[in-house]
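I am opening my notebook to record what I look up in this structure, one topic at a time. I will begin with a strand and its partners and then turn to side chains.

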Amino acid sequence: MSQRKSSEMEGEVFYPSQSVIDQAIVKDWDSLALKASQDLAGFWEEQAEELDWFQKWETVLDDSNKPFYKWFSGARVNIVHNCIDRHLKTFRKNKLALIWESEDGKLERTFSYFSINREVSRMANIIKAMGVVKGDRVTIYMGRIPEIVFAMLACAKIGAIHSVVFGGFSMDALQGRIEDSQSKLIITCDGSYQNGKVVELKRIVDEAMKGCPSAENVIVVRRVGQDVPMEAGRDHWYHDLCSLPIANGKCPTEAMDSEDPLFILYTSGSTGKPKAILHTHGGYMVGTYTTLKYVFDLKDDDRWWCAADPGWITGHSYIVYGPMLNGATTFLFEGGPTYPYPNRWWQCIERYGISVFYTAPTAIRGLMRFGEAWPNKHDLSSLRLLGSVGEPINPEAWRWYYRVIGKDHCPIMDTWWQTETGMFMITPTPTVPLKPGSGTRPFFGQEAEILNDEGEQVADGEEGYLVLLNPWPAMLRGIYGDPDRYVKQYWSKYPGKYMTGDSAKRDKDGYFWIIGRVDDVIKVSGHRLGTAEVESALVSHEAVAEAAAIGLPHEIKGQAIHVFCLLRKGFSPSAELAETLRQHVATHMGPIARPEEVTFVDKLPKTRSGKIMRRVLKARAQGLPEGDISTLEE
């Protein structure tokens with residue numbers, strides 16, 4: 001890529017090299033964008049034609065009941081047929097589908113598309129034997145091992161709805177999600193590894209199960225090899241089940257309606273209860289397939305690594321479904337970037353010849369601290385594209401990533417999207433000029449606006465609410481079991497326009513710059529945490545009468561949680577109590593939610609209607625103007 005300074009634009013502009021343009025699937029961004037804007041349904045129909053359908057659609061986009069859009073109405077399909085079955089009839093049958101490495105680097109497991117079909121069929125047969133049928137919910141709570149991928153695909157294959165809960169979440173979070181989804185089956189591990197320590201997943205499941213009468217069975221995959229309690233009749237070792245005759249043999253892929261549910265995934269909201277985001281087979285399939293193909297320019301000889309966890313939407317869309325829909329080789333690593341040393345990721349890129357690498361700004365900032373010597377020990381020449389996800393990437397981190405990891409020749413695909421969108425929404429493709437810190441423009445077929453409170457477009461360079469104007473195939477189909485909340489949350493502020501909940505600005509070239517959440521959601525290391533959840537955890541401690549949580553900028557994590565606590569009578573502020581409360585939140589919500597700082601206060605700023613004014617706390621904490629405080633209590 002070549003680089004040019006321009007005072008008219010925001011900072012540098014990086015232009016793609018001729019070799020990048022020559023290799024790219026999308027050589028002319030403008031003409032494809034124009035085509036998609038002129039015929040939205042036609043663009044997405046063309047993409048859908050590249051996949052296999054048991055029965056074709058009657059209507060590409062049914063918008064007769066907005067905002068409950070339907071895509072590919074009348075079609076019969078199953079995402080697993082396109083992820084696995086169709087590849088078995090081509091040269092990809094013997095191609096590597098999945099490469100896995102353990103945290104300590106001592107174990108490596110690889111699966112071709114042929115062998116992954118065997119593993120998924122086996123797990124699907126076992127899940128069916130547990131009495132799970134089409135439409136039943138299955139909660140998956142595991143570490144980053146191949147079986148988490150098999151479990152997701154096995155559920156989808158038989159028409160069950162998977163609900164993956166991130167393996168770093170606590171018992172309370174797990175219990176709430178099992179209960180809300182009314183899951184019939186739990187799939188977990190005896191434990192998982194994190195920075196050399198064992199996370200006792202099975203014991204957390206046992207605690208959660210006490211309040212979840214809907215769950216009848218637990219399948220336990222052996223990973224760490226430690227003794228765990230196994231309840232007779234309820235708990236089953238996966239390796240024992242695999243040896244039973246019922247596990248082996250073919251398992252037919254269920255023909256699903258295009259709009260049948262594929263999975264639910266919980267995401268923090270501005271109220272206490274997380275939202276169960278619902279995605280379906282047909283539209284989600286077409287969206288993830290198309291975005292990964294175009295944005296990361298995936299070729300058959302690529303080795304793709306999305307360094308997220310399968311428990312988040314990034315893992316669903318771009319570790320599991322998107323890569324396999326494209327017949328790609330996807331790499332799954334059990335560990336993190338710095339254990340035991342900060343070269344762990346660079347070691348993996350060199351060892352496996354990773355060509356396209358996708359990670360979060362938090363990780364990049366964390367690795368920057370260790371300097372350039374660690375990545376420079378490794379041959380990273382296999383890389384041709386880099387990507388960023390989870391939060392806005394600051395220009396300094398972008399430049400380091402580009403220069404030190406990409407060696408000045410790998411375009412960075414800075415993608416903005418959400419659990420709700422299912423797929424990339426604002427993103428470059430490799431041939432688009434790049435500005436460090438900008439996600440560039442909306443993906444083909446999408447339009448975005450930046451509005452003020454009155455719903456008017458703001459001027460270029462001004463901050464406002466980011467909204468999306470057009471429906472897209474991978475969009476959420478609602479909040480599971482709560483259609484009213486779906487309408488209120490996403491479609492009521494600006495009727496007919498999708499409210500993203502993020503603030504942004506646009507420059508004169510039409511490039512979008514995401515700023516962050518406008519509601520009460522804090523993004524810690526790319527993980528969304530609701531302020532209400534943090535506050536509820538604090539107030540559950542006997543010492544705390546009231547609490548407020550805010551996110552403040554953090555050099556590594558993007559945002560860190562800062563909390564303000566009003567103590568009950570009989571308790572006094574102390575460093576010991578502050579540490580106890582930090583640990584209390586971590587125990588209830590998981591280590592990711594541990595507050596950075598606890599401040600004890602005599603009162604909290606509230607509106608006359610009793611709402612905590614978190615923006616006032618935020619402004620005070622940063623020494624900024626407090627803005628309009630006319631609604632503040634006397």
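This is a predicted model: local features need pLDDT of at least 70, side-chain atom pairs count only at pLDDT 80 or more; totals for chains, interfaces and linings use all residues.

Entry 1: Which strands pair with β25, and in what sense? On one side of my list is strand β24 (residues 464–468), which pairs with β25 in the antiparallel sense over 4 bridges, and within this pairing Val467 has Met499 of β25 as its bridge partner. The other is strand β26 (residues 512–517), which also runs antiparallel to β25 and is joined to it by 5 bridges; here I looked up Ser503 and found that its bridge partner in β26 is Gly516. β25 and β26 form a hairpin with 5 residues between the strands, and in this hairpin Gly510 takes a positive phi near 85°.

**Entry 2: aromatic rings.** I reminded myself that a pair of aromatic rings is described by the distance of the centres and the angle of the planes. The count for this model comes to 45 aromatic pairs. I looked up Phe111 and Phe150, whose ring centres are 5.1 Å apart and whose planes stand at 85°, so I wrote this pair down as edge-to-face.

A second pair, Tyr486 and Tyr490, is tilted, with 6.0 Å from centre to centre and 50° between the planes. Why are these two tyrosines separated by about one helical turn? They are 4 residues apart in helix α16 (residues 483–491), and that is the reason. Tyr486 and Tyr490 are both buried, and they belong to one aromatic cluster together with Phe68, Tyr69, Trp472, Trp491 and Tyr498.

**Entry 3: charges over rings.** Next I looked for charged side chains over tryptophan rings, and I noted two cases. The charged end of Arg109 sits over the ring of Trp100, at 5.9 Å from its centre, while Lys377 lies over the face of Trp374, 5.0 Å from the ring centre.

**Entry 4: a serine in a loop.** I then followed Ser214, which lies in the loop between α8 (201–209) and β13 (217–221). Is Ser214 buried or exposed? I count Ser214 as buried, because its relative accessible area is 15% and the cut-off for buried is under 20%. A polar atom of the Ser214 side chain lies 2.8 Å from the backbone oxygen of Ser183. Beyond its neighbours within four places in sequence, Ser214 is in contact with Ile178, Gln182, Ser183 and Lys184.

**Entry 5: cysteines.** Last, I asked how many disulfides there are. The count comes to 0 disulfides, and Cys83 is one of the cysteines I checked: the nearest cysteine sulfur, that of Cys155, is 14 Å away. Cys83 is buried, with a relative accessible area of 0%. For Cys306, the closest cysteine sulfur is in Cys348, and at 14 Å this is too far for a bond, given that the cut-off for a disulfide is within 2.5 Å. Cys306 also counts as buried, at 2% relative accessibility.

Notes. Residues are numbered from 1 along each chain as its sequence is written. Side-chain values use heavy atoms; hydrogens and water are left out. Buried means under 20% relative accessible area, exposed over 50%, partly exposed in between (1.4 Å probe, protein chains only). Rings of Phe, Tyr and Trp (its six-membered ring) pair if their centres lie within 6.5 Å; planes under 30 degrees apart count as stacked, over 60 as edge-to-face and the rest as tilted. A charge sits over a ring if NZ of Lys or CZ of Arg is within 6 Å of the ring centre and within 35 degrees of the ring normal. A polar contact is a pair of N or O atoms within 3.5 Å; within protein, one must be able to donate a hydrogen and the other to accept it, and residues adjacent in sequence count only if both atoms are side-chain atoms. Contact means heavy atoms within 4.5 Å. Two strands pair if DSSP finds at least two bridges between them.
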